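User: I'd like to learn how to read features in a model like this one. Could you walk me through a few of them?

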Amino acid sequence: MLQLSFLKPTLAILALSLIVTACENNPSSRTERKTEQSEQPQVEPFIGKPDNFDYGKVEDNVYSNAYFKCTMKVPKDWVIMNKEVAGELQEKAVDKIGRENEDLKEVVEAGKINSANLLAISKFDPKTPTPSNPNFIIIAENITASPGVKTGKDYLISGRKLMQQAQINYEFLDEPKQEFINGRSFYVMNMILHTGTANVRQRYYVTISKGFAFTIIEAYQNEKEDAFMHDYVHSIKFEKEK
């Protein structure tokens with residue numbers, strides 16, 4: 001059985017995605033709608049951050065990141081969450097986990113210091129009541145202290161174990177599978193989060209870059225939303241490493 005210290009990184013992703021992908025409508029949430037350049041969500045502290053780390057920016061409906069040397073198209077007029085909103089959502093998720101499992105809450109708190117929220121974007125403002133709010137987030141987690149995580153597959157398997165341990169109502173649809181997107185190797189896993197009011201489908205894409213697990217989490221409720229976001233996620237391009 002894997003140790004919690006090995007599994008620690010992936011819960012930082014779970015902590016944010018749990019609330020965001022459940023399409024929770026929070027009246028107190030604040031968002032920023034930007035179509036030009038935008039600062040991306042940043043939750044401090046982030047101890048595992050290199051000096052030249054970049055959270056990225058959105059310009060002309062393209063997210064770019066100088067540190068990871070990648071670009072990805074984003075939907076026009078979607079809502080980009082600022083760092084305060086991302087942090088509030090993450091804290092809510094941590095509290096939810098803590099009410100169900102105090103040990104896992106400690107793991108989440110420890111894991112947050114090694115994660116960076118690069119982008120969180122949704123079709124609608126999170127505080128707007130809507131039966132469905134498709135969204136995706138990009139998170140990078142420093143895995144240099146997790147020697148057992150060599151590939152995106154390792155990362156997803158460890159994350160799945162933690163989700164199961166937390167007894168969150170996830171239905172896992174498949175095993176992590178390798179997929180190449182514009183020449184870049186990702187591992188992909190599909191699941192459904194049963195929230196009681198809706199069944200939210202999630203798709204995790206993970207690639208390892210510069211000692212980080214670079215993860216895109218896509219959330220949707222129907223095939224039309226899936227097809228729409230698929231084209232954006234599959235627009236991601238990384239420069240070839242020299």
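Analyst: Happy to! A helix here is a DSSP run of H or I with at least four residues, and helices are numbered from the N terminus. Keep in mind that this is a predicted model. With the helix ends set that way, you can look at what follows: just after α5, glutamine 167 takes a positive phi of about 60 degrees.

User: Which residues of α5 are buried?

Analyst: Start with the general idea: an α-helix has 3.6 residues a turn, so residues three or four places apart point the same way. In α5, the buried residues are Gly152, Tyr155, Leu156, Ser158, Gly159, Arg160, Leu162 and Met163.

User: Arginine 160 carries a charge, I think; how should I read charged pairs?

Analyst: Side chains of opposite charge can pair when their charged atoms come close. Arginine 160 meets glutamate 175 in a salt bridge, 3.2 Å from N to O. Because glutamate 175 lies in the loop between β7 (170-172) and β8 (177-181) and arginine 160 in helix α5, the pair ties together parts 15 residues apart in sequence. Glutamate 175 is partly exposed at 46% relative accessibility, whereas arginine 160 is buried at 13%.

User: How many salt bridges are counted?

Analyst: The count comes to four. One of them joins lysine 57 and glutamate 59, at 3.5 Å. Another joins aspartate 226 and arginine 203, with the closest N and O atoms 2.7 Å apart. That pair links distant parts of the chain, helix α6 (residues 223-233) and strand β10, 23 residues apart. Arg203 and Asp226 also belong to a salt-bridge network with Glu218.

User: Are aspartate 226 and arginine 203 buried or exposed?

Analyst: Aspartate 226 is buried, at 17% relative accessibility. Arginine 203 is buried too, at 13%.

User: And what does threonine 207 contact beyond its neighbours within four places in sequence?

Analyst: Threonine 207 sits in strand β10 (residues 199-209). Buried means under 20% relative accessible area, so threonine 207, at 3%, is buried. Beyond those neighbours, its contacts are Arg184, Ser185, Phe186, Phe212, Ala213, Phe214 and Phe238.

Methods: Residues numbered from 1 in each chain as written. Predicted model: local features only at pLDDT ≥ 70, side-chain atom pairs only at ≥ 80, totals over all residues. Heavy atoms only, no water. Buried < 20%, exposed > 50% of the residue type's maximum accessible area, 1.4 Å probe, protein only. Helix = DSSP H or I, 4+ residues; strand = E, 2+ residues; numbered from the N terminus. Contact = heavy atoms within 4.5 Å. Salt bridge = Lys/Arg side-chain N within 4 Å of Asp/Glu carboxyl O.
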